[in-house]
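Me: I would like to walk through this structure step by step. Please take it one question at a time.

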Amino acid sequence: MLRDEIRRSIEQTGVAEFKSCLFGDFKIGEAEKDGLITSLISGHHVLILGPPGSGKTTLANRIASILKDIEVVEGCPLNCPPQDASCPWCLDKKSRGISLPSSLLKGAERTKRVQGSGGLVKEDLIGDIDVEVALVEGLRSRRAFVPGKLLRANHGVLLIDFIDRVPERVLNSILYPLQGEPITIGPFEQAFPLDILVIGTGQAEMLNDFSLDLADCFDVVRLDYVDKPVYQREIILASVPEMTDNQVALDRVIDIVNRTRKHEEVERGVSTRGMVNYASILCSSGLNEDKRMLRSAALVSLPHRLKIPLEADTPAKREEIIHEIIAEVLDEVGEEEIVTLPKEAIEDLVEELVREDSFRVPLKYGAFDILLRRVKKFPESQFALLYSQVLQRLIELYPERYGGLTPELLKEMEEVRKGDGGQKMLMGKLEADALGETIATLEKKGILEYGKNGWGLSQRGITFLLEGLAPKLFVDKYSYGYGKHSTGKKANIGEGKIVGTRHFHFGDRYRDISLRDTIREAIRNRHAELTREDIKVVTKHIRTKINIVLLVDLSGTMRQLQKLWYAKQSAIALTLAASYYRDHVGIISFSNLAEVVIALSSNIHEITRRTLDLELHENAFTNIGFAIAKACSLLAHYPKGKAKQHIIVVSDGDATAPHPSPEKYALSQAAVASRRSITISSVCIAQQSSNPDLMRKIAKIGKGRTYLVGAEELPSALLEEALSAHAT
Ligand SMILES: [Zn+2]
């Protein structure tokens, strides 16, 4: 057995020696090394997971290289040992009286490699019928079956690179042999055992998509980018020895690379491979002490290696980040910030600033005295936490400015609420300064800006908001291919799933022709040659574009609880979802009348900005009918083409305008829309004054769906709607 062979080999060389042989200068922790060796000794298959460029394949090759030369039966596809030639091919030869000479199989040849891809089929791994031989010798002949990579790797290693790209059904077909069960193959009656070590490499996220059965077969080794400068130096110098003479540049390269990994807008920074690449480009330019070269080499080798969340990945964003980092490293930025903000804190803070009206409104209008009161009223809020951090730092940095106040003194004063006039004045100054500095910090971070609508989120702030919202909305709900690697489940967007086959029509695309179904059809038609009527094409779900108009109720009753925030969040969620389908979204707010907030657009940032600016209309009526009419005229402005037109009404109150029959008016407008083949769905926020009946009738006339939700379920209802709109 392979397992015994590895164990013997470790025993012979000694664990320490074996380890250094296997891992060499590989920079992974001792615990991981021991874990991997234990897996090998126990004969478990191994998954090596990590981001691109972290050395997965290198490590996999090293494991494969521990195999020694062995004696095998010459020409046996399953590498039978001469003393136990028991595979179907050897048995076949034996039965025909053919002798089985032995030959030497080199250790290096005991590893078979497979590149994972979506095009890989079961036959590549297990084997396939050789048609020519089968025609002569019959399907049942041993020789008519050509074993695949899995079988050929017997008594050795099967290395599957990018195992995460292999379709699940293909992996399932090798599940039994992976579990150590004998394998059964079409033409042979008898099952036979395989003795194989499978090593797969892939990205860490793949485990989310892996079935439990499969995951069960593997032990996992995780690799990450080397982030210790000591090791990074060694790695760079090993590949780019010229760098030895320029320690300053070497340190800067490492610093720049490590900063890309910590940057708050980057999901995954530059890899180890990217780092080496950067260093060698810098050296080949021959001017590596030059700051200008440091920058231009970085711009050539780094931006495309950054992984940026989808909603933040605007044109030139990557270059911008690299510029920013290089400026930091070259010390070209001004004074240091008073407090540091980790990414999670920024995301929470940004959401709070747009969700909580107690902060959002005074901030928007620059009412800082009110804002200060709110900070004290809600000391647990993110904004107040940042404020108190800034306040602490201020008295640490400038004790003389605040009359020698220390954190201890401050705490004492808070507790007893004492203090004479002078101290009170100093306190007031400190608090005002702290608030000003807090806002300045957020401005410097590029999160807040002062615009024509007062203080609000900047472009970057909106990106943080979207980033914070997207996972909450998408995780475990639907797979949009979001946050998964490119081969994830993305396939069911875009082209659409294959749903069946039909006969070829003139004008069909050649790539939709299914060869297998065509041949089957020719056989069924008993044609000796293919004719036009044999040709079959696959049919797919067609993903037509949809123009969606969202109607958001801003009448007085939306003031309750956080309904307005949920409505805003929903609009943003819908836009995010729609953008994955390349749909266009427009938003109309309504109360007595209706107003176009943003016309049809696919610009997530712009829609988000406008949505965040929405304010309630106090004491206003609810005129659903007028809103629907407005949506129809907005849609009429856009050439329909093949796009479907869809309206989603989000409302909590019953229709109260126009006088005297608001409901009738709403229904008649829905009917007008329906006649123009515009579909309508309704989302009814259930509460005392809601009228689900009317909402249901509107959706029925509009041939859409109705959702009855509490305010907090709003976003998910709209996500569902974005999906179902495509299914119909
Ligand atoms: Zn054999």
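Reply: First, a definition: a nonpolar core is a set of buried Ala, Val, Leu, Ile, Met, Phe, Trp, Tyr and Cys residues joined through C-beta atoms within 7 Å. A residue is buried if 20 or more other C-beta atoms lie within 10 Å of its own, exposed if 12 or fewer, and partly exposed in between, with C-beta atoms placed from the backbone. This is a predicted model: local features need pLDDT of at least 70, side-chain atom pairs count only at pLDDT 80 or more, and totals for chains, interfaces and linings use all residues. Residues are numbered from 1 along each chain as its sequence is written.

Me: How many residues does the largest nonpolar core have?
Reply: Look at the residues with the most contacts inside this core; L550, L551 and A627 are among them. The core's residue count is 88.

Me: Which helix gives the most to this core?
Reply: Helices (H or I, at least four residues) and strands (E, at least two) are DSSP runs, numbered from the N terminus. The top contributor spans residues 563-580 and gives ten residues. That is helix α25.

Me: Which residues is L551 in contact with?
Reply: Two residues are in contact if their C-beta atoms, placed from the backbone, lie within 7 Å. Leave aside neighbours within four places in sequence. The partners of L551 are then I588, F590, A627, A631, I647, I648, V649 and V650.

Me: What is the strand order in the open sheet of six strands?
Reply: Two strands pair if DSSP finds at least two bridges between them. The pairing here is mixed. The order is β16-β15-β14-β17-β18-β19.

Me: Why is one side of β16 and of β19 left without a neighbour in the sheet?
Reply: β16 covers 594-601 and β19 covers 706-709. Both stand at the edges, so the reason is that each has a single partner strand.

Me: How many residues of strand β17 are buried?
Reply: Strand β17 covers residues 644-651. Seven bridges join β17 to the parallel strand β14, and six join β17 to the parallel strand β18. β17 is mostly covered, and its buried residues number seven of eight.

Me: Which residue of β17 stands opposite V549?
Reply: V549 also has a bridge partner in β15, G586. In β17, the residue opposite V549 is I647.

Me: Which strands stand at the edges of the open sheet of five strands?
Reply: The order is β4-β7-β8-β1-β9, with parallel pairing. Each edge strand has a single partner strand, so one side of each is left without a neighbour in the sheet. The edge strands are β4 (111-115) and β9 (218-222).

Me: What is the bridge partner of V157 in β8?
Reply: Five bridges join β7 (residues 156-161) to β8 (residues 196-202), and these strands run parallel. The partner of V157 is L197.

Me: At what angle do helix α12 and helix α13 pack?
Reply: Axes are lines fitted to C-alpha atoms, for helices over the stretch in contact, and angles run from 0 to 180 degrees between N-to-C directions. The axes of α12 (residues 229-239) and α13 (residues 247-262) are 10 Å apart. The angle is about 115°.
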